[in-house]
Number of protein chains: 2
Amino acid sequence: MNYPTGIKKKPTQIINYSNRGMTLEDDINQTNSYYRDNDIAYIYKKPTPIKVTKVSFNNRNATIKEAFYEKPSTTDYNGIYKSYYIDFEAKETKNKTSFPLANIHKHQLTHLKNIIRHGGIGFIIVRFTLLNETYLLRTEDLFSFTEKNKRKSIPLTFFKEKGYQIKENYRPRLNYLKIIDIFLEVDKNVKKEKNK
Amino acid sequence: MNYPTGIKKKPTQIINYSNRGMTLEDDINQTNSYYRDNDIAYIYKKPTPIKVTKVSFNNRNATIKEAFYEKPSTTDYNGIYKSYYIDFEAKETKNKTSFPLANIHKHQLTHLKNIIRHGGIGFIIVRFTLLNETYLLRTEDLFSFTEKNKRKSIPLTFFKEKGYQIKENYRPRLNYLKIIDIFLEVDKNVKKEKNK
């Protein structure tokens with residue numbers, strides 16, 4: 001499994017416009033802070049699940065002496081935007097031509113599918129780090145790929161065709177909710193068509 | 001701060017109808033599993049936030065050697081039900097006549113307020129363990145109390161008047177979504193009245 005990025009490097013507090021050294025997680029966390037500070041959306045990264053096996057108590061202060069990383073049972077990010085339930089997973093890949101699906105656990109995919117069946121908005125954000133390109137792919141399109149293809153990775157061309165590139169900015173770093181606004185508009189028009 | 005209940009005792013896997021030894025957290029987790037297994041709602045407990053300070057690697061396996069509990073910045077539970085964003089905090093108290101508000105962090109209260117302003121459904125579930133009574137109180141009613149009263153605890157009588165008691169059952173243990181259905185019905189009627 002992948003260890004959370006926070007362990008090996010300290011989260012940088014310095015604003016680095018050039019994105020050098022900023023991970024996708026840093027960018028999303030900064031973006032979510034911006035959304036919260038401006039009362040736009042309340043979306044948080046869930047804490048990494050850790051199984052604690054030994055704790056020592058010293059004057060009522062607990063120190064964890066042994067613990068292990070667990071596989072997350074859901075996606076990393078969720079929250080609320082315009083009264084919609086938002087749920088997504090974010091991943092980086094060093095691959096230049098495709099995103100290996102092994103990066104996302106099977107139960108995370110099932111989770112994303114459950115969310116959209118119940119009326120939430122689900123997606124993945126994938127950064128091709130060596131190309132410095134970041135894409136948002138809606139759960140619906142992700143599954144339209146996995147159901148038709150037996151390939152174990154999604155080609156970059158599929159992201160270019162069905163996904164939306166998120167360009168980096170100053171503030172917020174990755175304005176992914178702009179793309180959610182497009183989805184909401186599309187969904188509204190689909191509903192209108194159905195009611196005709 | 002309160003340590004997560006899981007540390008001192010192992011989560012019981014034995015179904016105990018009498019509720020002896022079942023914490024509120026156990027009951028809610030079991031209820032949420034039931035909701036998921038029956039495709040009713042997807043509501044999860046967020047992992048406890050832990051700050052990892054020392055990790056040792058042994059053949060690519062990571063063991064956490066030192067870590068500390070952190071204060072949660074949001075509530076413990078969130079998810080989706082009938083396309084609504086659901087967000088709540090659950091607390092037990094040994095007090096027999098009132099629920100001390102110190103049990104909920106200030107930023108958790110702010111979080112619950114943000115959620116309802118953005119169209120989500122927020123509430124707290126409080127169990128008076130010595131009375132074996134569990135109540136659900138909507139964020140709106142929680143704030144109608146805290147804004148009018150300078151008291152540092154909510155009396156049980158307020159829960160009885162404005163809250164909803166959740167009776168324990170076999171499966172699910174605590175069917176709190178039944179109360180959410182009442183809220184949705186009330187909100188629909190309020191909207192209808194407004195549009196008249």
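Tutor: We begin with conventions, then take the interface, and end with the strands.
This is a predicted model, in which local features need pLDDT of at least 70 and side-chain atom pairs count only at pLDDT 80 or more, while totals for chains, interfaces and linings use all residues. Residues are numbered from 1 along each chain as its sequence is written, chains are lettered from A and ligands numbered from 1 in the order in which they are written, and side-chain values use heavy atoms, with hydrogens and water left out.

Student: How many residues does the contact take from chain B and from chain A, and what is the area buried between them?

Tutor: The size of an interface is often given as the accessible area lost when the parts come together. Here chain B and chain A each give 41 residues to the contact (heavy atoms within 4.5 Å). The buried area is about 3,300 Å², with 65% of it from carbon and sulfur atoms; buried area is the accessible area (1.4 Å probe) that two parts lose on being put together, summed over both.

Student: How many salt bridges does the rule find across the interface of chain B and chain A?

Tutor: A salt bridge requires a side-chain nitrogen of Lys or Arg within 4 Å of a carboxyl oxygen of Asp or Glu. The rule finds two across this interface, and one of them joins Asp39(A) to Arg117(B), at 2.5 Å from N to O.

Student: Which elements give two or more residues to the side of chain B that touches chain A?

Tutor: Helices (H or I, at least four residues) and strands (E, at least two) are DSSP runs, numbered from the N terminus. On that side of chain B the elements are β1 (41-45), β2 (50-58), β3 (61-69), β4 (77-81) and α2 (106-117), and β3(B) supplies the largest share, nine residues.

Student: How do β3 of chain A and β3(B) run where bridges join them?

Tutor: Two strands pair if DSSP finds at least two bridges between them. Strand β3 (residues 61-69) of chain A is joined to β3(B) by two bridges, and the strands run antiparallel; Ile64(A) stands opposite Ala67(B).

Student: What is the strand order of the open sheet of six strands in chain B, and which strands stand at the edges?

Tutor: The order is β1-β4-β5-β7-β8-β10, with mixed pairing. In chain B, β1 and β10 (164-165) stand at the edges with a single partner strand each, so one side of each is left without a neighbour in the sheet. Within this sheet, β4(B) and β5 (residues 84-93) of chain B pair in the antiparallel sense over five bridges, and Tyr81(B) has Tyr84(B) in β5(B) as its bridge partner.
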